[in-house]
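Subject: Handing over a structure, with notes

Dear colleague,

I am passing this structure on to you, and my notes follow below it. Please read them with the model open beside you.

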Amino acid sequence: MTPAPTGDAIAAGGFYVSPFGSAQRAAGKASGAEAAALSRIARSSAALWLTGADAGQLAEVQSRRAALEGRLPLLVAYGIPNRDCGLYSAGGAADGAAYRAWIDRVAAGLADRPAWVVLEPDAVAHAVDGCAGVDAERFGLLAYAVGELKKHPKVRVYLDAGNAGWVQDRSALARALERAGIGAADGFALNVSNFYSTEESYAYGREVSAALGGKRFVIDTSRNGKGSPGGGSWCNPQGRALGQEPTTRTGREGLDALLWVKIPGESDGDCGRGEPAAGEFWISYALGLAGAA
């Protein structure tokens, strides 16, 4: 069983809040009630997503800034080949060699500074559900990423495991996570960029954890305040709300933290309806999540 995080794994000041995030910039330009609503998002720590060629540099800058404040940066490594199975967040490294070099730069950027890293949202779950173009190499690449990041003792790695509404065969998911290097990781992440309630996610996580011999996990609560809308809806559904703010004081066995992995207000993609591109901050949606629209 993986032990709960201690020592350097939790910075004294909690998670880092960047003044340069998309929500922070939007709140700084707003006024009145809109500014007050956006500040609900801007004041909370959210992950920095590493997606491009500058990932190593961004990891270094973010971890340095966090260290200066005695806080802990939360990062998302999101560059696997055939990312998002070619959907709204398509992209990633051109091939396996390019991905390994990309991960090397991210790991080097962190150096000896503490950080938590959520590794490759959806990558394992897509492999389980039969995404076209995903083969055995993906598991090797994920295991390589875990190994390189874990060469840095102050870095905790949570390998993404999808969400409570996705892979229902817990044993199949556990086997896939094992192939992807979960044994060397600190745990797994659930509900990234999704809306399932904390209670649903926790119950699912406990079952997956049991199949992995007690592996610990974290839950993305950024937009789960009203739970999932159902029907498999995950792309910018309306009527959702912010969830519990990030904390490591979960009061739940095996659960290391509630995190804001998805940045509330950033679009999931155009969803075939003309919404902003994936990752673009969408003020009207952010206001809806904050209860101001």
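A residue is called buried when its relative accessible area is under 20%, exposed when over 50%, and partly exposed in between, with a 1.4 Å probe and protein chains only. This is a predicted model, in which local features need pLDDT of at least 70 and side-chain atom pairs count only at pLDDT 80 or more, while totals for chains, interfaces and linings use all residues. Residues are numbered from 1 along each chain as its sequence is written, and side-chain values use heavy atoms, with hydrogens and water left out.

Let me begin with the sheet. Helices (H or I, at least four residues) and strands (E, at least two) are DSSP runs numbered from the N terminus, and two strands pair if DSSP finds at least two bridges between them. The model holds an open sheet of 7 strands in the order 1-2-3-4-5-6-7, with parallel pairing. Its edges are strand 1 (48-50) and strand 7 (255-259), each of which pairs on one side only. Strand 2 (residues 74-77) runs parallel to strand 3 (residues 115-119) and is joined to it by 4 bridges, with Val 76 standing opposite Val 118 in strand 3.

Two loop residues deserve a look. Most residues other than glycine have a negative phi. Glu 120, in the loop between strand 3 and helix 5 (123-128), has a positive phi near 50 degrees, and Glu 120 counts as buried because its relative accessible area is 1%. Ser 193, in the loop between strand 5 (187-190) and helix 8 (198-211), has a positive phi near 60 degrees, and Ser 193 is likewise buried, with a relative accessible area of 16%.

On a 1 Å grid over the protein atoms alone, a pocket is an open set of points where a 1.4 Å probe fits, with protein on both sides within 12 Å along at least five of seven lines, and lining residues have an atom within 4 Å of a point. The lining has 46 residues, of which Trp 49, Ser 193, Lys 262, Glu 266 and Gly 279 lie nearest the centre of the pocket. Helix 1 (22-29), strand 1 and helix 3 each supply at least two residues of this lining.

Finally, Ser 267 lies in the loop between strand 7 and helix 9 (283-289), and Ser 267 counts as buried because its relative accessibility is 0%.

With best wishes
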